[in-house]
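Colleague: Please take a close look at one part of this model, the packing of its helices and what surrounds it. Keep it brisk, and give the cut-offs as you go.

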Amino acid sequence: MTDSDNDMKISPVKGTRDFYPEDMAGRNFIIDGWRNVSLRHGFEEYDGPIFEHLELFTVKSGEEIVEQLFHLKDRAGRDLAIRPEITPTLARMINQRVNSLPRPIKWFSAPRLCRSERPQRGRLREFFQWNIDVVGTDDVLADAECIFVAVDYLREIGLGPEDVEVRINSRSLLSDLLIEQDYSEEFLPTIFTILDKRDKQPEDVFEKKVGEIAGDEQRKKWLLELGRAKGKEGFDTVRRLAGERAASIAHLEELEKIFDYLEKFGAADYCMFDMGIVRGLAYYTGPVFEIFDKGKELRAIAGGGRYDDLLQLLGGPKISGVGFGMGDVVLSDVLEARNLLPTDSRSLEFYLIDADPAYFPRVLELVGQLRRTGRNAEFSYARRSLSKQLKAASAANAGYAVIVGKETEEQNAVTVKTLATGEQIQLQLESLTSFGIR
Ligand code: HAM
């Protein structure tokens, strides 16, 4: 081999993944589960194009997403972008047919997305993201249902409330509380960012930043108390801080309703209130939530909330939606750490073996017959000893080894060995295609 041959070795792009067959088992486990759970909660599947006009994502996704766009130009010089999320596409698609769609619109999708992020643990440049959205109702029952869907999925794949938690807040509650304290509207994003980073930095840094914003000691105390509020106690604190203020009370009641519905759905044990959840994306206007591993050591597993203006901003009517996105990356890490991610998805039923190469043509005939009747059958390309073929059958994770030999020719029978137990029986050929079916 020459040096120039070596030069041609091209590695995968940083932040992307190759999925070998053993990796596909885990990926399919995650995505099949997303699909199953969506369907049983009454959501219909949709998908959109992998790239869109750039401005679809620059209108209202927020600075962070715009910075992370994979931006490209087509031959005519049009600005396009690979989708970093699917919510703007969902809004665009619903707007196109808004008058003919019965509401509420309950749709789900599991798109492949790209964000030009700095690759790090839990964040890649290409990933899959489950999306659950309910559009066309202001009722917070929809917010609760979305959270329930996420919790139901996590429970189904083996993650309990001791593994993961949904942290819920309301952006409108937070904004109203701050405005009622005379914080000006343009100041809110700065406060949101400080709260968003609350748990990612040391306590004293958080306190210092709050102090700089608040001005005097009393306001600092108020803002610290608000910013730290979480759990049942935190909720009571916020109620006290809200006092008699009507707007804040209305938002508190909205949150309370969501927790009530979650209780009814049997999902409340996964959920807690947390003022530190504000969400990065710019289009959220009401209740917001994020899902984390318990202890919040990893990046978010999922995030979502209510968006009141997105459809209108994209040329549609003023209808509200709520939903979330759950990525496959952190989720895989959480599952892997608990040994809950399968690495082999093969479900081979029969492995056909010749007792002697002379019987190989018969093996091929039986493989043909089994496969044509919908059974799952494999064999070895190379002619090898019986014991080597049996080993290959075990390595292929087959249920049964079927040995074709003299008795096949003389008595129309095969030997069937159940590989898990070693149990062996003689079986008449006419029973082979239905063998093991109950
Ligand atoms: P997001 O918070 O940007 O929201 O993403 C939601 C989830 O997608 C994150 O919690 C994470 O699991 C996953 N995710 C995001 N970026 C990456 C990345 N670079 N690598 C791996 N996973 C990632 C949205 O995208 C909203 N559009 C969700 C939504 C739907 N809101 C309403 N409906």
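**Helix packing and core**

Modeller: In this predicted model, the axes of α6 and helix α12 (residues 246–265) cross at roughly 45° and come within 9 Å. That makes α6 oblique to α12. Angles under 35 degrees count as roughly parallel, over 145 as roughly antiparallel, 65 to 115 as roughly perpendicular, and the rest as oblique. Axes are lines fitted to C-alpha atoms, for helices over the stretch in contact, with angles from 0 to 180 degrees between N-to-C directions. Helices (H or I, at least four residues) and strands (E, at least two) are DSSP runs, numbered from the N terminus.

Some ground rules. The model is predicted, so local features need pLDDT of at least 70 and side-chain atom pairs count only at pLDDT 80 or more, while totals for chains, interfaces and linings use all residues. Residues are numbered from 1 along each chain as its sequence is written, and side-chain values use heavy atoms, with hydrogens and water left out.

Back to the pair. α6 passes α12 in a right-handed crossing. A crossing is right-handed if the near helix is turned clockwise from the far one by less than a right angle, and left-handed if anticlockwise. From α6 come Leu 141, Asp 143, Ala 144, Glu 145, Ile 147 and Phe 148; these meet Ile 258, Tyr 261, Leu 262 and Phe 265 of α12. Contact means heavy atoms within 4.5 Å. By class, this contact has eight nonpolar, no polar and two charged residues. Ala, Val, Leu, Ile, Met, Phe, Trp, Tyr, Cys and Pro count as nonpolar; Asp, Glu, Lys and Arg count as charged; the others, Gly among them, count as polar.

Now the core. The largest nonpolar core has 74 residues, and Met 326 and Leu 331 touch the most other members. Helix α6 (residues 141–156) gives this core its largest share, 10 residues. A nonpolar core is a set of buried Ala, Val, Leu, Ile, Met, Phe, Trp, Tyr and Cys residues joined through side-chain atoms within 4.5 Å. Buried means under 20% relative accessible area, exposed over 50%, partly exposed in between (1.4 Å probe, protein chains only).

Leaving out residues up to four places away in sequence, Met 326 touches Trp 34, Phe 128, Gln 129, Trp 130, Ala 150, Tyr 153, Leu 154, Ile 291, Ile 301, Ala 302 and Leu 331. Apart from this core lies another, of 23 residues, including Met 93, Trp 107, Ile 277 and Tyr 283.

Leu 331 sits in helix α14 (residues 329–337), where Val 329, Val 330, Ser 332, Val 334 and Leu 335 are buried along with Leu 331. The buried residues of α14 pack against α2 (21–40), β7 (126–135), α6, β10 (287–293) and β12 (321–327). Just after α14, Asn 339 takes a positive phi of about 60°.

For another helix pair, take helix α8 (residues 188–196) and helix α9 (residues 203–214). These pack with axes 10 Å apart, at an angle of about 170°. α8 and α9 are therefore roughly antiparallel to each other. The crossing of α8 past α9 is left-handed. Thr 190, Ile 191, Ile 194 and Leu 195 of α8 make the contact with Phe 206, Lys 209, Val 210 and Ile 213 of α9. That contact divides into six nonpolar residues, one polar and one charged.
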